[in-house]
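Here's a quick briefing to read alongside the model. Have the sequence and the 3D view open as you go.

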Amino acid sequence: MAAPIEALDAGIIAVMRAGKQVSFRDRFHMLAPTIDHAFDLAAILRVSVGLHWGDIEATQQQNLLREFRRFTIASYVANFDSYDGERFEIAPALRAIAADQVVSTTLLPADNGETVRIDYVMRQEAGTWKIIDVLLDGTISRVAVQRSDFRGMLAQGGAPALIASLERKVVDLGGSALES
């Protein structure tokens, strides 16, 4: 179950080591396969959109998933853009939340600076464990934060407004030269 997290941690460290000497676009493409493998982005998006998901036509759902994927990858690349000897440590014990499992990791600085706890909520689908939520400091759910943000966008202009918002965020994070 920890294998996707180990691969994600290794991918993040590789992107951090590449740093700003490597273009954002190239770091995006370095990390994309790891994100695709570790996360169930479609499930995360459905939960983040909530009850409105069924009201969105299939073409817009696909466009929304494409932009959500780009936004997720760009967020990781933007937040992990330099390396100073940090490393990840995965806690050996798992915590159950119903049928899901929580894998706790800690980002440890090279010096005695502040650590960052990142918990990954994992769900098994068809024999494969995938991340369905990320809890910062063990409590702040990324899905809950996105759900709140997405609700406002959907109320303002439906799926097209949410798609446009995610596109703008990707540009803000990494520039317009990204391809996926």
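How are α3 and α5 oriented to each other? They are roughly perpendicular, a label for angles of 65 to 115 degrees, with under 35 degrees counting as roughly parallel, over 145 as roughly antiparallel and the rest as oblique. Keep in mind that this is a predicted model, in which local features need pLDDT of at least 70 and side-chain atom pairs count only at pLDDT 80 or more, while totals for chains, interfaces and linings use all residues. Residues are numbered from 1 along each chain as its sequence is written, and side-chain values use heavy atoms, with hydrogens and water left out.

**Confidence**

- The protein has a mean pLDDT of 93, and 97% of its residues reach 70 or more; pLDDT is the predictor's confidence in each residue, from 0 to 100.
- Helix α2 (residues 24-38) has the highest confidence, at 97, and strand β5 (residues 140-141) the lowest, at a mean of 91.

**Overall layout**

- There are five helices and five strands, taken as DSSP runs numbered from the N terminus (helices: H or I, at least four residues; strands: E, at least two).
- Along the sequence, the order goes α-α-α-α-β-β-β-β-β-α.
- A compact globule of 180 residues would have a radius of gyration near 16 Å, and the protein agrees with its 16 Å; the radius is taken over C-alpha atoms, and the globule rule is 2.2 Å times the number of residues to the power 0.38.
- The C-alpha trace spans about 45 × 40 × 30 Å along its principal axes.
- Of the 180 residues, 43% are buried (buried is under 20% relative accessible area, exposed over 50%, partly exposed in between, with a 1.4 Å probe and protein chains only).
- Among contacts with a separation of 6 or more, 56% link residues 24 or more positions apart; contact here means heavy atoms within 4.5 Å.

**Helix α3 and its partners**

- The axes of α3 (residues 41-49) and α5 (residues 142-174) come within 7 Å and cross at roughly 75°; axes are lines fitted to C-alpha atoms, for helices over the stretch in contact, and angles run from 0 to 180 degrees between N-to-C directions.
- On the α3 side, the contact uses I44, L45, V47, S48 and V49, while α5 brings V143, Q146, R147, F150, L154 and L162.
- That contact of α3 with α5 splits into eight nonpolar, two polar and one charged residue (nonpolar: Ala, Val, Leu, Ile, Met, Phe, Trp, Tyr, Cys and Pro; charged: Asp, Glu, Lys and Arg; polar: the others, Gly among them).
- Helix α4 (residues 58-79) packs with α3 at about 105°, their axes 10 Å apart, so α3 and α4 are roughly perpendicular too.
- Here L41, A42, I44, L45 and V49 of α3 meet L64, L65, F68, R69 and T72 of α4, and the contact residues divide into eight nonpolar, one polar and one charged.

**Two helix residues up close**

- V47, in α3, is partly exposed at 42% relative accessibility; beyond its neighbours within four places in sequence, V47 contacts V143 and R147.
- T34 sits in helix α2 and is buried at 17% relative accessibility; outside four places in sequence, T34 touches A7 and L8.

**Positive phi in the loops**

- Most residues other than glycine have a negative phi.
- A98 has a positive phi near 55°, lies in the loop between β1 (87-97) and β2 (100-108), and is exposed at 77%.
- A126 has a positive phi near 50°, lies in the loop between β3 (116-125) and β4 (128-136), and is exposed at 86%.
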